[in-house]
Amino acid sequence: MGKTSYVRLKGSRQFRQRLLLATLSSTPILVEDIRSDDTSPGLRPHEVSLLRLIEKVSDDCTVEINETGTKLRYKPGVLTGGKYLVHDCGLTRSIGYFLEPLILLGLFGKKPLSIRLKGITNDSKDPSVDTFRTTTLHMLKRFGVPLEGLELKIESRGAPPLGGGEVVLGVPIVPNSLTAAHWVDEGMVKSIRGVTFSTRVSPQIANRMIYAARGVFNRFIPDVHIFTDHRSGPAGGRSPGYGLSLVAETTSGCLISTDVAVSYPKADETDVMEDSEEKPEMLPPEDVGVQAASMLLGEIEQGGVVDSTHQGLLFILCALCPPDVSKVRVGKLTPYGIETLRNIRDFLGVKFVIKPDPTTNTVILNCVGCGMKNLSRKIA
């Protein structure tokens with residue numbers, strides 16, 4: 001065996017995505033200067049946890065981190081998938097942070113993936129597990145992912161800072177490769193669905209959120225149904241919290257989603273604020289309802305077949321397709337979406353042709369996929 005040549009990268013930006021694309025493209029990477037100028041340098045707990053998670057679903061990958069955590073050497077292995085896996089995601093980021101890379105890695109495994117993830121299910125940083133269940137998994141259908149075995153069960157909820165949530169994710173393997181998508185018709189919004197969650201608070205809070213959100217939507221559309229999911233006891237996790245996840249379905253089958261969650265901040269976050277009086281106050285349920293509804297209207301106004309949080313995933317799916325043209329329409333490109341396009345170019349060698357559509361203020365992207373095949377399955 002010759003000496004492994006590593007692709008050198010710097011800094012902690014887009015760490016999760018670089019790790020994902022390096023794994024899918026079997027590119028060994030060497031990441032240096034990870035927050036080397038910060039007061040607490042090196043990898044964060046959730047980033048180390050993500051590395052451990054990748055180790056669980058793959059075979060023969062090597063991870064070396066130096067003592068300060070500012071340098072990482074990573075060589076991908078063979079994606080194996082597997083059943084009855086368990087991973088504790090920790091409490092620095094929610095389960096949503098881990099789900100996006102995990103779903104993509106699961107598709108190209110040797111065996112279908114079934115894994116139980118523990119941690120925070122709903123927080124204000126990452127997409128909630130509800131969004132993944134209602135929107136993200138449905139996106140995969142467009143790219144020819146078999147629906148059988150694709151599921152996300154929420155067994156218990158967990159709000160920050162103490163978490164306590166558990167979800168079970170099932171991902172089938174792609175038989176050979178994904179299928180290219182021609183997905184430019186966003187359609188008109190025909191219905192709005194949603195689910196509220198509340199843990200360790202009064203069940204009435206859910207109704208107040210729904211009432212406020214419906215007050216915004218009823219001026220535009222009659223078909224609005226928001227379900228409640230109130231958890232108490234062990235299924236409610238260890239911290240009080242509540243929130244609302246909304247999905248707009250269009251006539252062409254696109255799903256646009258947003259979510260808002262509120263909970264008490266971590267102790268270390270409140271120290272920074274200095275205002276001890278503010279700590280016990282959470283955003284009122286009415287405000288959460290209005291905020292979530294307004295955000296959803298904003299996403300719909302932007303146009304595109306997916307909302308802004310799903311742009312990165314959409315581009316990666318297009319790039320992993322066979323050498324065939326995929327064409328998709330999105331609203332305004334987000335900074336995350338733009339970074340994703342750069343990472344795809346660097347790791348997969350796929351370049352997108354980007355054309356603004358001035359009549360609708362949307363952007364149409366074309367690309368020819370890199371022809372990613374599920375080779376692990378053939379070896380097995």
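Student: What should I keep in mind about the model before I start?
Tutor: It's predicted, so to speak of local features we need pLDDT of at least 70, and side-chain atom pairs count only at pLDDT 80 or more, while totals for chains, interfaces and linings use all residues. Residues are numbered from 1 along each chain as its sequence is written, and side-chain values use heavy atoms, with hydrogens and water left out.

Student: Okay, cores. Which residues touch the most other members of the largest nonpolar core?
Tutor: General idea: in soluble globular proteins, nonpolar side chains tend to be buried together. A nonpolar core here is a set of buried Ala, Val, Leu, Ile, Met, Phe, Trp, Tyr and Cys residues joined through side-chain atoms within 4.5 Å. Buried means under 20% relative accessible area, exposed over 50%, and partly exposed in between (1.4 Å probe, protein chains only). In this model, the largest core has 77 residues, and Tyr74, Leu178, Leu314 and Phe352 touch the most other members. Helix 3 (residues 95–107) gives the most to this core, with 9 residues; helices (H or I, at least four residues) and strands (E, at least two) are DSSP runs, numbered from the N terminus. Domain 1 (1–77) and domain 3 (307–376) each supply at least three residues to this core, with bounds taken from an automatic or database domain assignment. There's also a second, separate core of 23 residues, including Val201 and Ile256.

Student: What does Leu314 touch?
Tutor: Contact means heavy atoms within 4.5 Å. Leaving out residues up to four places away in sequence, Leu314 touches Met139, Phe143, Trp183, Val305, Val306, Val328 and Val330. Leu314 is also one of the buried residues of helix 8, a helix (residues 311–320) with 10 of its 10 residues buried.

Student: Now charges. How many salt bridges does the structure hold?
Tutor: Side chains of opposite charge can pair when their charged atoms come close. The cut-off is a side-chain nitrogen of Lys or Arg within 4 Å of a carboxyl oxygen of Asp or Glu, and the structure holds 22 such bridges. Take Arg329 and Asp357, paired at 2.9 Å, N to O. Arg329 sits in strand 16 (residues 325–330) and Asp357 in strand 17 (residues 353–357), so the pair links distant parts of the chain, 28 residues apart. Both Arg329 and Asp357 are buried.

Student: And where do Arg342 and Glu339 lie?
Tutor: Both are in helix 9 (residues 335–348), and because they are 3 residues apart, about one helical turn separates them. Arg342 is partly exposed at 41% relative accessibility, whereas Glu339 counts as buried at 15%. Elsewhere, shared partners join Asp130, Arg133, Arg157, Asp229 and Arg231 into one network of salt bridges.

Student: Last one: which residues line the largest cavity?
Tutor: Rolling a probe the size of a water molecule over the atoms shows where empty space is left. On a 1 Å grid over the protein atoms alone, a cavity is a set of points where a 1.4 Å probe fits but cannot get out, and lining residues have an atom within 4 Å of a point. Points are joined across faces, edges and corners, and volume is the space filled by probe spheres set on them. The search finds 4 cavities of 30 Å³ or more, and the largest holds about 50 Å³. Its lining is Glu100, Pro127, Phe132, Thr136, Thr309, His310 and Leu313.

Technical notes:
On a 1 Å grid over the protein atoms alone, a cavity is a set of points where a 1.4 Å probe fits but cannot get out, and a pocket is an open set with protein on both sides within 12 Å along at least five of seven lines; lining residues have an atom within 4 Å of a point.
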